[in-house]
Each structure stands twice: as C-alpha cells, then as structure tokens.
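I set out to look up a few local features of one protein chain. My entries are kept in the order in which I made them.

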Amino acid sequence: LAAAAMGAPGDDEGYPEPSGGGAMIRTFLEGPCLLVYAYILLAFGTWGAWALYRAMARGRLLRPRKAAASAASSSSSARARGGGRGPLEAPLLAKKPEKPPRGPLCWQRLTDGQGRSISFEGYTDSALGSAASLLVPTTSAVFASLFAVVLVDYYSGCEWVWPEQLCYVGTFPIFGNFDINSYVFLVIWGLSVLWFGLLIWGRGGQMTNMFRLHAPLHAARYVQVTVEEEAEVISSGYSRILKARDKMLRIAGRLVGKVDLPGGVFGVSGGQSQTVPLCYSEQLGTSYVEFRCQRYVLDPTGDGQGGFMHYDPSSALRCGHQGFLQLLEVGGLRITSSGSGNSGGKSIADELPSVDLMLRQTGPNKIPFEVDSFGAAVAEEFSTFFFLYQFAIYAVCLWFSYWHYTIIALAVAGVSGIFNVQVRISSQREIQAMMAQTSRVDVKRGGKVMNVSAEEVVPGDIVHVTGGGWPVPCDLLLLRGAAVCDESTLTGESMPVQRLSPTEPLADPGAGKSFPGKHVLVAGTTVLQVSSDDCWAVATQTGVNTQKGQLLLLILYPPKLLFKYDEQLAVVFSLLIVYAFFVMVTAMKIMYVRYAGDQQLPITATWASGIFTCSCVLPTMLHVVLSVGQVVAAKRLKENNCGVFCAAPKRIALGGKVRVACFDKTGTLTESSLHFFGVHCAQPANMARDRQAAGPFGGWMSQAAAGPPILELEPRSADWSPEVLCALASAHSLSPFEGSEAGVVGNAVEVNMFQASGWKLANQSEVVLPADASTGGQQQKVRILKRFDFSHNTMTMSAVVEHQPSGERGVYCKGSYEQVAKRCLPSSVPSEFAQVAQEHAYGGKYVLAIAGRALTGGSVDALSSREDVERDLVMLGLLLFKNPLRKDTRRTIERLREGEVRSVMITGDAAGTAICIAKEAALVAEGVPVLLGDLREGDSKGGVAWKCQDDDLTALNELLLGNDWLTWRKNYKQWRGGGTTGARGEAGRVR
C-alpha cells in the first residue's frame, strides 16, 4: 500500500538498488559539490561584508543628528537644574520647544488629507551593494538548477511512452539510490521555500533597498514611501475569535516593531511600501517623487533639513469667490514671481502665487499613472504566499512520481495567472486613456490671453470656456456665463446638466472642501453649449486633486474595507493550517510505524505522504475554485434577468449577510422625472381673476389686502392667471439647449414646470410667449433682470423680472412651502394653506409654493441681496408634481422582504410624500400605522410629539387595544425587570 501511494513498484520489485561505482555523487566532496560549497561561502562572505559596510555608513550618516540631539538634551537638562539661570527662568525655558537636531534629514513622516501616515526614507546606490544584489537572481537560479538535477536523477532511464507505459522512477545515476536523492531533495525544497518566501515578503521594495545605502532625502536617488492605513472592519455583533486574533496581531506588531527593517515584517505594521525614484525637473527646478499618482515635492532647503510636502493649492487660493472675480478683472495670475500686477497698484494677482511658482508646487495638470510592464505584472501576480504554498506542493508531486498530475495543475495555475495579468493590464490601459490630456485652452495670464496646453494649466488660471464638445481640463469654478455639460463619462448621468455662474457671492468653502457643484465644471466632462462667448472660469484643482483624479484614485487604490466575512476567512485559513499540520504529523506517524519500518523506507517517504495529506486538507486549487465561483455568480447576476453588474465579485458571497437595503426615492424607487400635476391657486375671496390683464403685477398682487385669500377647490393644470403663468415661465434657472426634447436643460422639476407654461426660452435671461389668438396677436416677453439660484440654506430661489409690453416689474419666489409662507405677508396666506399642502404631500405629490410681489419705483440694483428680494411676498399657490413608482419597485421590495431583508427609504422630500410612497412601494406592510415624530415647539426638554393620519390613527387604536400588544408589553416589562403591565388606552391625534 505504501509503495502504491508513493507511485513506486510493488513489494517484489522495490526501489532500484544503488549502482555503486556508477553514482556520480558518493561522498559529496566531488567537484560539483565543491562548486556549490564555494558559492555558499562566497554568498555569505559577500552578504556579511555588505551588511558591515552598510551599518558603518548608516552610523556615519546619523552621527551628526545624534550628536546634536545629545547636546540639545544635555543643554535642556542643565537649564532645568538651574545652570546659573535665575529661579524664574528655568520653568520658562522648559516650556520652550526644543529645536530639531541639525544634520541631513534621512527619514520623514507626514499626515495627508485623509489622515493616513506617510513616511519617506532615502536611499542611494553603492557598488558593493550592486554586487551583493546579484545574489538574489544567482541564488534563485542555483536552487532551480539543483531541483532540476534531482529530477534528472530521479527520472533518468525512464522509457516515456504515453499513455501505454508511464514512467514513475528512474535509475538514479547521480546519487545512486532513492534514499540519498530524497534527502537531497528535502534539503533543497526546505531552503527553496524559505528563500522564495523572503523574496515574496520583500516584493514591495524592501528587499531591493537592503542592497542600497541610506541617504539624506535631498541627496537620495530612491525614496521608499510607506503609507500606513487602518482597515475599517464592518461587522455586526461581537466575535470572540476576531477579538483574540486582533490581540495576537497587536502583540506580534509590538514585538516585530522593534526590528529595524523597512516596512515591517510580513505586513504586521499595516504599511504598504513602494520604492520610487527621486525625479528632478529641469524646467521646474524641483525634485519630487510620485507615489500612488500623487506628487510630493522636496522642499529645496540648502542644509538638507527640508522634507517632502504635498501641496494643496486651495491653501494658496483662499481669496474666495470675490477674489476670483477680481482676478478675472485684472487679467489673471502673474506669469513669473518677479512680475507685477496689471492694475498699476497692488492687486489680487500680487497676493496670489505666480504661474511658475504654482507649477513648481503642484506640477503639470496630469495624473502620473503608468501601466505595469508584463514582467512586473506577472511577478506581482505570482508573488503571493498562497502561490508559494501551491508551487511547493507541486514540487513534491513532480518529484514523487506524480508528474502527469502536476503538469496539468501547473498549466491550470499558469493560464489563470496569465489571464488575470492580461485583464489587469487591459484595465490599466483603459484608465490611462481616461487620464490623457491632449487639448489646448485659452487662459488669461498677466493681462493677456494665451493659448496653452491643457497640461500647463495651474490652479488660479482664468480659463475661457467654449462649447461644441470642449473637454474640461480641470475642475473649474464658473465666474461668468453658463454652460451645458455632458457628465456621462464621469458620473453616469445620461442627460446633459446645467452649470451656472454664481448670482451672489459665495463663501470660502475652507480647506478640503469645494464650491457647490452647480457652479463647477468637473474635469473629464465635456461642455456642449455656453451661454455666450464671454464665458470664463477659474481653475480650482488640477491633476490628481480634481474630482476625476480622486475618483480614479478610489478605483486604483480603494480604502481598506473589510467585512466580518473577510476577517473570519483569515481565521478559517489559520485553523485549516493548524489542522493540516496536525493531520500531516499523524499521517507521517502512521506511515512510518505501519509501512516504512517493514519496507525500510526512508523518513522522506513518510514526509512526502504527509505533504500529500496536507494538500488534501488545504487544497492547492482552493483560490482557483473561489475565483471561479465568484465569476460564475457575477455572470448569473448580469444575465439572468437581473441586469446587475458587480464591480467587486469577491463581495457577492456577502449578499446572504445583507439585512438592510437603503434606497433613494426619486429616480430609484420612483421614476427619474417628475410629472407636472398642476397649480393649486390662491386669490382673494371677493376678487375675480383677470385673465386678460395687461401685465402680471397690475392685478390683485398689488391689492393683496383687498380681501381674505382662499385656495381654489381643485388644482388647475391649465388656464392660469397672468401672474401664475409668468411665474411658471420665469421662476427657474434653466438654460436653452437644442439637444434636449424640451429645448431647455436644468433641474427636472423646473423643466416640467416650464414646459407646462407653454413659453419658450430665447436665451439665459429672456422668456418669450409666441403671439397667437390667446394673446391677441401680441408677443409677450419676460426679461429676467436678476436671479438668485436655489439655496439649501433658505430652501428657495427667486428672480426679478420685467414684463413686456406692459413694462411691469416684480419678484417671483419658488421653494419649500413652509419657507415661502414665512416670506409672505400674513394677510396673503390662506388659513388652510398648511393643511392643504400636507394633504397633497400625504397624497404622494411633490409640493412647492410660489409667491411674488410687484416692484413700484426704485432701481433693481438696490435689490442687492436675497433678503431684499424675498420679503413681503404675496402667496400665489402651490405647485404640485407627481412622482410615480417604477413598475418593478413593489415586486422588488416584496422579494427583499421574503429574503428577510429590511428595506429603508432615504429622501429629503416632505414627510407626507415619503409616507405615501412607502405605502405604495410596500415598504410599510398593509395595516401597519406610520407615526411621524417632531420636536415640540417651545419645549426646553426636547419632548417629541407624535402624529399620524386618520387611517393610521384607526390602525394604531386597533393595535393598542389588541391582546397581542398588551401581551408583548407585559412580557417586555417583565424582561426589563420591573414596572406594571400597563393599562389599555386610546391613541390621540396630535396636531
């Protein structure tokens, strides 16, 4: 049985006897063996000499800093003891920060904007180190050659006839017999696994830097950059196993952290290292390194004390929106630092960095990303510890007569690895194509308009925006004009979007933040149309700091996000390894006691059987099986009437752990567009509507106090009064766009509202009603004199308009019905306004309010702020929109409920609208009451008032008066340990 398990002949044949004098290696003192011994002595001698030389060089490099630090410490100790100083001077001196030790800076640590710790360590080449580095490929080749020699000896003399006669063992012409051959293989196998394990550990650059000398950062040729980032573990519940694992890792980290090795050992420190060359740009005159597509510039300090810094252009452009407008007026940034402003005196351009200085600090407007070479990609794909384990098992199989199985397994592993490499390189090429900049742009610099390459744009440049598919080179803040953009390639938005220049001053967003998105042109998008040729914007971010660059960084270097499943998988593998070792030892013991002793087999035979047993417990194809399962699952999700594309197939297995699914309302549970339902108009009770009025502001809007206002019985979908019709046509921020079906582009609510009016948008500031029979053959126009875009703080937008041909001027305001009502004259708001608005909301409608007032005399320029415009308004009515459910929403929610997944809707709409949609989508089970909580007004203790609709009130009473509720409440109180069982009660309606 043992002979069959080892692929050897039966008991009657046994292993070939030693050939005696025919063996090439008998005493291990032959010439080939002496060459191997000589190489080992040479390797150890070279490594020892290099290690001694490297340690001495490092000591000489750090001696000045240590001496300075020691002197500073002695000086501070003397001052603390008095040292001839006055009694009051010692505590004052002790509070002063000590100056950093002088000497060259060889190591630096900084914290980036995401809170990650990044360290830099300088290295340079050495002739002795270069010679010692040859040990790595030479030693690898030696191990491969020795393994080949063992295989040749094992299979020599075989008659290879496939498949009638398979050869399992040869005549051992080199070592003479199986015993010596097996012991030699065992030694070579163990040393090879140890050697290649060290190479895999050092693949991030650590092994290469062991053959380089430490150097000051300003004099280094290479810089090892290490980023330490903590992985966020998403876990539900407490796991004792994971807590024990984390504790063991912390203990190992503290122990290993004492070893002075770059990047830690086996990644225990959590760092990810990469060695990059220190580059120098003659054009910019700066030294820098590029790590993870980001540029870190070396501070050009002459004494070597300057370190790397990641420059944030927003810190130098903290002049705000008003400052950018001034920069546009004076003609842009200075070209050189020696230049002066363009206005005769000191201007905003003199306070901001020049173009050449900004270019040195931020670098070109491009994302430095290079596609991996095929060799590097292959090395990284196969340089993992699981592949090492896999090939270690295959080496034993190949040696121990299982060559036919090993060839097939190696082919499968190699083909799958090469396929992954090809997919990776193809993806990197697509990403690199997305990063390319080939266009040219017009910028204002030094008072002149220049045409420069897109890669030469720097933060603070004033850029001319054009239409016709113009590619946006960087993130731009619009200063003048408006634009229609196609953002489908970046955000996936299929419809064109509108971008407007601010109509009121914007506050400085602060460090790490950006201006509102409705005013920003994002890098990587295209501009389809501009409002005029005089459209200008300022560059706020370039290169990798743009929104496009940050998105690509998330794709290339995603944050460490581990689920409990991933953490437990590592524990499972650890337990499998322990179990495999136990089974391996047990199998070896059984084999040796029962078979090896009787057949006089060497210990290596039982060791090989133990290795095979280990491979059964921890299969070598496990990662291939997991990968295939994930790929098949992703394909099924995409094809089987699901239409789900999974970008991370590894997380498909977590689908069974999902317990809560959160949905946005508009565009996800409901359709993307809102359908205009109508206007619930308001007017004085004793004043008729004049549809034939000459202008919109000469009617009851100027006589709002003529009588108590009321709301009409039903909303109107047409036949509105002139004041309401002009409000629908002008209270918006739309832009004309011939490429859309509606002829305009902007917010979906405003597009539907404007279409219902029947007017046409001639340009950004003029709305036209074509002449027809309803207008008496006279064309009407509304000019938008001033506009205040929608603000999330006030929840309103407003426009100052002039009607032609009447010449009347007025104000229209649109927004949240609660906020608009606060800005209206109390006498113009119907008493039932809030109640009707809530009823519409609970009916599933999207509710806005619209108001206006007439302007009599005075200049429009006097209305300089939003507060001046949005006051003393007259309520015109409620704008109603219907947002129907998608056809498959209810069925999807019901299927999730069947899978015990709780569905949650997240929306910023009115609570009544959300409750109605939730009931229609089956988010709330039939018959279950919905309570709405709100803080009690005037309650200093923060009390909560609960309210519900009439239907929910009835269901709530039935629930509270039911026996099931009382039984549950009694059991709950007993479980909590006290309290009475409670009494029956009836829910009251809270107003």
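**Basis.** I worked from a predicted model, in which local features need pLDDT of at least 70 and side-chain atom pairs count only at pLDDT 80 or more, whereas totals for chains, interfaces and linings use all residues. Residues are numbered from 1 along each chain as its sequence is written, and side-chain values use heavy atoms, with hydrogens and water left out.

**Entry 1: the sheet.** I took helices (H or I, at least four residues) and strands (E, at least two) as DSSP runs, numbered from the N terminus. Two strands pair if DSSP finds at least two bridges between them. On that basis I found an open sheet of four strands in the order β14-β19-β16-β17, with antiparallel pairing. Its edge strands are β14 (470-471) and β17, each of which pairs on one side only.

I then followed strand β16 (residues 482-486). Four bridges join β16 to β17 in the antiparallel sense, and Ala 482 has Leu 500 of β17 as its bridge partner. Four bridges also link β16 with strand β19 (residues 526-530), again antiparallel; here Asp 486 stands opposite Thr 526 of β19.

**Entry 2: the faces of β17.** In a regular strand, side chains alternate between the two faces of the sheet. I asked which residues of β17 (residues 497-500) are buried on each side. Val 497 and Arg 499 are buried on one side, and Gln 498 and Leu 500 on the other, so that both faces are covered. Buried here means under 20% relative accessible area, exposed over 50%, and partly exposed in between (1.4 Å probe, protein chains only).

**Entry 3: helix α17.** In α17 (residues 547-556), I noted Lys 548, Gly 549, Leu 552 and Leu 553 as buried. Viewed down the helix axis, the buried residues of α17 fall within an arc of 140 degrees, so they line one face of the helix. The arc is that of the directions from the helix axis to the C-beta atoms. These buried residues pack against β9 (294-298), α15 (403-435) and α16 (488-491).

**Entry 4: Ser 730.** This residue lies in helix α22 (residues 722-730). Ser 730 counts as buried because its relative accessibility is 0%. Leaving aside residues up to four places away in sequence, I listed its contacts (heavy atoms within 4.5 Å) as Val 782, Ile 784, Ala 799, Val 801 and Tyr 812.

**Entry 5: Met 875.** I located Met 875 in strand β33 (residues 874-882). Met 875 is also at 0% relative accessibility and therefore counts as buried. Its C-alpha atom is separated by 5.7 Å from that of Val 829, 46 residues apart along the chain.
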